[in-house]
Amino acid sequence: KYRLLFDRECLPEAAAKRGVIGLPRVLGMYENYPFWHRLFTELGFSVKLSPKSSRAIYDKGIETMPSESVCYPAKLAHGHIQALVDGGVKLIFYPSMPYEMGDENGGDNHYNCPVVATYSEVIKNSVPELRRDVKFMNPFLPIFNQKRMGERLFEEFTKELPDLRITKEEVVSALEKAYEEDRTFKDEMRRKGEETVRFLEENGRRGIVLAGRPYHIDPEINHGLPEMISGYGFAVLTEDSVAHMEKVVRPIRVVDQWTYHTRLYAAAHVVGNHDCLELVQLNS
């Protein structure tokens with residue numbers, strides 16, 4: 001999943017008519033990076049992704065972390081932003097999104113958790129270079145509504161990047177391809193999940209659904225658990241690779257309004273109906 005998510009061809013800087021745009025490899029980007037990469041590539045930007053997470057990346061951002069108690073994935077965001085700044089990136093895009101894509105698993109709503117939704121606001125007010133040397137864009141966006149998304153992006157580009165003259169037609173066209181890229185990525189994850197479960201059942205093998213948030217595929221955050229589990233001979237599956245396989249019987253006894261959690265409940269339901277699977281839940 002990590003390779004499928006991030007290994008994407010970027011426009012060379014020399015061929016990018018609108019220059020370089022930096023995207024931090026953090027939090028919600030683990031859910032939506034294929035979408036954003038395709039959008040900005042279609043708009044003529046060379047996408048610069050921050051490096052893989054590491055302890056060195058964490059240390060790079062430690063001076064701007066305002067909270068000791070916020071989750072480790074959020075703390076890492078400071079280092080990723082600083083890495084882009086140190087790499088000479090002059091335009092960084094890190095949106096705020098209270099809602100995720102429309103819920104496909106039947107939840108009561110499709111919120112992002114407050115940290116995932118708005119941590120770019122913390123970054124904006126904590127990293128001095130973003131108020132001085134770098135253009136930092138963190139608009140609140142409705143990614144679940146394609147028409148409104150186009151309107152909002154055009155508004156932001158017109159206001160924040162007027163010299164680039166990005167047209168409404170360009171935004172609408174790029175958005176079409178971005179949503180298509182998102183569907184392609186998710187379909188491939190589901191195909192791989194189905195293939196793996198079928199392999200386990202046909203060969204009498206066992207698998208563990210390592211159920212967490214999207215950013216738990218970050219090796220710095222999952223602490224090597226996938227490799228450790230696979231080392232014992234188990235297949236390791238992500239929650240989004242199996243959550244689609246069955247419908248959860250609702251209502252369930254929780255307030256089911258968080259996109260990532262809804263997927264966890266669906267994955268747990270699938271595990272309960274497949275003897276070849278077990279579930280381990282990760283917390284950040």
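Predicted model: local features only at pLDDT ≥ 70, side-chain atom pairs only at ≥ 80, totals over all residues.
Local features require pLDDT of at least 70 and side-chain atom pairs pLDDT 80 or more, whereas totals for chains, interfaces and linings use all residues. Residues are numbered from 1 along each chain as its sequence is written, and side-chain values use heavy atoms, with hydrogens and water left out.

The protein chain contains 10 helices and 7 strands, taken as DSSP runs (H or I, at least four residues, for helices; E, at least two, for strands). Its radius of gyration, over C-alpha atoms, is 19 Å, which agrees with the value near 19 Å for a compact globule of 284 residues (2.2 Å times the number of residues to the power 0.38). The C-alpha trace spans about 60 × 40 × 40 Å along its principal axes. Of the contacts (heavy atoms within 4.5 Å) between residues at least 6 apart in sequence, 74% join residues at least 24 apart.

The accessible surface (Shrake-Rupley method, 1.4 Å probe) comes to about 13500 Å², and carbon and sulfur atoms account for 50% of this area. Of the 284 residues, 51% are buried (under 20% relative accessible area, 1.4 Å probe, protein chains only).

Nonpolar cores were defined as sets of buried Ala, Val, Leu, Ile, Met, Phe, Trp, Tyr and Cys residues joined through side-chain atoms within 4.5 Å. The largest core has 61 residues, and Trp36 and Phe40 have the most contacts inside it. Residues up to four places away in sequence aside, Phe40 touches Ile21, Leu23, Phe45, Val47, Phe93 and Phe157. A second, separate core of 12 residues includes Leu200, Leu264, Ala267 and Leu277.

Note on methods
Buried < 20%, exposed > 50% of the residue type's maximum accessible area, 1.4 Å probe, protein only.
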